[in-house]
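This briefing covers a strand sheet and a set of helix contacts. Please look at the sequence and the model first.

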Amino acid sequence: MSPTLSQERVDLDQLISRIQSVTAKDTRLMVNLFDLEKQEFCFANSAFAKGPYFFKESSWNSWFDHIVKQEMPMIKQKVNALIQRYVANKTAHPLVLHYHIYDTAHQMKWLQHTLQGVRTSGRRFICSYLYDFSNLKQIQNFLDEKGGVLLKHDEIAISCREQEVLQLVANGLSSKEISQALFISDHTVHSHRKNLMDKFQVHNTAQLIQKAAKQNII
């Protein structure tokens with residue numbers, strides 16, 4: 001079956017109630033619903049308003065403003081492209097993004113953001129799930145210091161840190177910007193990028209991103 005908006009006819013109020021129940025004690029999980037017809041947010045759970053997060057329910061631009069500026073254009077382009085596909089009633093797979101934001105204390109957070117089309121109460125929405133897994137960086141940093149854990153993708157083995165660097169390269173960040181985002185030296189970033197190109201057997205960044213994307217690594 002082709003990917004499309006979910007056909008489950010669940011009531012909107014029931015969906016919102018369930019989201020609120022599930023996320024009540026999980027301040028790291030943020031969920032919102034974007035009305036495709038009205039082109040506005042109709043719901044965002046409390047994680048967007050409490051703690052370090054801030055979210056206005058008017059438009060996507062208020063959220064884009066929190067994304068690290070070097071990553072924002074790529075993320076904005078992908079989100080808007082997905083919205084346009086759904087508005088045009090075209091099929092689309094759920095979109096999974098990884099990027100950084102600055103919270104209201106100007107602390108950098110690392111997010112995984114999944115966007116999925118849903119249909120409920122006769123209306124169409126994009127449901128977003130955003131999870132803050134910044135604390136996992138401490139584990140990744142430890143693993144990287146100890147030699148890393150190898151992840152195999154079609155016989156290409158990359159470390160946790162290489163995976164992270166690869167994602168940021170795909171997001172359009174320069175080596176200097178990646179070093180600032182990951183709190184590592186420029187030299188370390190260059191080493192990771194060189195190792196990645198060697199492992200993927202490519203000669204430039206464009207080829208690296210293209211090959212990684214084909215293998216669903218980014």
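Leu-115 has Ser-128 in β5 as its bridge partner. This is a predicted model, in which local features need pLDDT of at least 70, side-chain atom pairs count only at pLDDT 80 or more, and totals for chains, interfaces and linings use all residues. Residues are numbered from 1 along each chain as its sequence is written, and side-chain values use heavy atoms, with hydrogens and water left out. Helices (H or I, at least four residues) and strands (E, at least two) are DSSP runs, numbered from the N terminus.

**Sheet**

- β4 and β5 form an antiparallel pair over 10 bridges; two strands pair if DSSP finds at least two bridges between them.
- The hairpin of β4 and β5 has 2 residues between the strands, and Ser-121 in this hairpin takes a positive phi near 55 degrees.
- β1 (residues 29-35) and β5 (residues 123-132) are also paired in the antiparallel sense, over 7 bridges.
- Met-30 stands opposite Leu-130 in β5.
- The open sheet has 5 strands in the order β2-β1-β5-β4-β3, with antiparallel pairing.
- β2 (40-44) and β3 (95-102) each have a single partner strand, so one side of each is left without a neighbour in the sheet.
- Direction ignored, neighbouring strands of this sheet are turned by 30 degrees against each other on average.

**Cover of the sheet**

- In β5, 7 of its 10 residues are buried (under 20% relative accessible area, with exposed over 50% and partly exposed in between; 1.4 Å probe, protein chains only).
- Helix α1 (residues 12-23) lies across β1, β2, β4 (108-120) and β5, and runs at about 165 degrees to β1.
- Angles run from 0 to 180 degrees between N-to-C directions, and axes are lines fitted to C-alpha atoms, for helices over the stretch in contact.

**Contacts of α5**

- α5 (residues 160-170) packs against α7 (residues 186-200) at about 95 degrees, with the axes 10 Å apart.
- α5 and α7 are therefore roughly perpendicular (65 to 115 degrees; under 35 is roughly parallel, over 145 roughly antiparallel and the rest oblique).
- Arg-161, Glu-162, Val-165, Leu-166 and Val-169 in α5 meet residues of α7 that include His-192, Leu-196 and Phe-200, where contact means heavy atoms within 4.5 Å.
- α5 and α8 (residues 205-214) pack at about 110 degrees, with their axes 10 Å apart.
- That makes α5 roughly perpendicular to α8.
- Leu-166, Val-169 and Ala-170 in α5 meet Thr-205, Leu-208, Ile-209 and Ala-212 in α8.
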